[in-house]
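Dear colleague,

I am pleased to hand over the structure that follows. Please look through it first, and then read the findings set out below.

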Amino acid sequence: MTITRAKVEVPIPRKRRGSCTNHDKAMLRFFDAIGQAMVRHVDFGVVKCVLVASPGFVKDKLMEYVLSTERPEFKSLQEHKSTFVLCHSSSGHKHAVSEVLADQNITSRLADTKAAGEVRALTDFYTMLSTEPARAFYGPQQCLAANENEAIDVLLVTDSLFRSTDIAERRKYVQLVEDVRGYGGT
């Protein structure tokens with residue numbers, strides 16, 4: 001699940017022949033806004049890895065700006081520069097996150113994080129669904145029936161089911177997860 005914590009939009013004019021000053025100033029404003037959003041929304045006590053992805057060299061220029069700027073609010077970003085992973089994406093939109101996480105090079109660098117495991121499990125599920133549809137179940141009744149037979153190897157449950165306001169429904173899914181973990185599933 002991807003959560004948008006901040007949306008940074010800065011108008012950036014095109015480079016003009018002979019003078020790029022307006023473009024450069026707008027890029028610096030953009031980098032500054034991204035740095036401030038990261039300082040405000042990223043808790044480095046919890047976050048193990050920050051993916052910085054963009055087409056072209058924007059990600060490199062962003063990290064160069066954030067790490068070289070002598071601003072006191074960017075000090076926490078500079079102290080945790082080892083948590084940043086630079087990677088290429090085809091666009092700067094939200095849908096490019098799944099493309100970045102599907103890249104084998106990035107997955108190997110993120111091997112110990114929870115997001116990489118979830119992406120790998122979801123990819124395995126889609127592969128099983130296309131190659132062996134009789135082994136992949138994705139409805140609540142089908143999963144409960146498979147649980148009775150202890151036939152669940154990997155169980156994917158959305159966060160909305162654990163955060164449901166209906167206590168009975170929440171308990172049902174918590175019990176299902178505990179049962180699957182009890183007989184060796186994940």
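Two aromatic rings, from Phe, Tyr or Trp, are said to pair if their centres lie within 6.5 Å. With that cut-off in mind, please note that the model is a predicted one, and that Phe30, Phe31, Tyr65 and Phe74 form one aromatic cluster in it.

The aromatic rings

A pair of aromatic rings is described by two values, the distance of the centres and the angle of the planes. The structure contains five aromatic pairs. One of them joins phenylalanine 30 to phenylalanine 31, with 6.1 Å from centre to centre and 45° between the planes, and this pair is tilted. Phenylalanine 30 and phenylalanine 31 are both buried.

Another pair is made by phenylalanine 44 and phenylalanine 84; here the arrangement is edge-to-face, at 6.0 Å centre to centre and 65° between the planes. Which parts of the chain does this pair tie together? Phenylalanine 44 is in the loop between helix 1 (21-41) and strand 1 (50-54), while phenylalanine 84 belongs to strand 2 (residues 84-88), so the pair links parts that are 40 residues apart in sequence.

The charged end of arginine 71 sits over the ring of phenylalanine 74, at 5.1 Å from the ring centre.

Two further residues

Methionine 27 is part of helix 1. Its relative accessible area is 14%, so methionine 27 is buried. Apart from neighbours within four places in sequence, methionine 27 is in contact with Ile12 and Val58. Methionine 27 and cysteine 143 are separated by 116 residues in sequence and by 50 Å in space, taken from C-alpha to C-alpha.

Serine 91 is located in the loop between strand 2 and helix 4 (96-102). Serine 91 has a relative accessible area of 15% and is therefore buried. A polar atom of the serine 91 side chain lies 3.4 Å from the backbone nitrogen of histidine 93. With neighbours within four places in sequence left aside, serine 91 is in contact with Pro55 and Ala96.

The protein as a whole

The protein has nine helices and two strands. Read from the N terminus, the order of these elements is α-β-α-α-β-α-α-α-α-α-α.

How does the radius of gyration of the protein stand against that of a compact globule of 186 residues? The protein has 22 Å, whereas such a globule would have a value near 16 Å. The C-alpha trace spans about 70 × 35 × 30 Å along its principal axes.

Of the 186 residues, 27% count as buried. The protein exposes about 13200 Å², and carbon and sulfur atoms supply 53% of that area. Among contacts with a separation of 6 or more, 58% are between residues 24 or more positions apart.

Yours sincerely

Key:
Residues are numbered from 1 along each chain as its sequence is written. This is a predicted model: local features need pLDDT of at least 70, side-chain atom pairs count only at pLDDT 80 or more; totals for chains, interfaces and linings use all residues. Side-chain values use heavy atoms; hydrogens and water are left out. Rings of Phe, Tyr and Trp (its six-membered ring) pair if their centres lie within 6.5 Å; planes under 30 degrees apart count as stacked, over 60 as edge-to-face and the rest as tilted. Buried means under 20% relative accessible area, exposed over 50%, partly exposed in between (1.4 Å probe, protein chains only). Helices (H or I, at least four residues) and strands (E, at least two) are DSSP runs, numbered from the N terminus. A charge sits over a ring if NZ of Lys or CZ of Arg is within 6 Å of the ring centre and within 35 degrees of the ring normal. The radius of gyration is taken over C-alpha atoms; the globule rule is 2.2 Å times the number of residues to the power 0.38. Contact means heavy atoms within 4.5 Å. Accessible areas come from the Shrake-Rupley method with a 1.4 Å probe; for residues, only the protein chains shown count as cover. A polar contact is a pair of N or O atoms within 3.5 Å; within protein, one must be able to donate a hydrogen and the other to accept it, and residues adjacent in sequence count only if both atoms are side-chain atoms.
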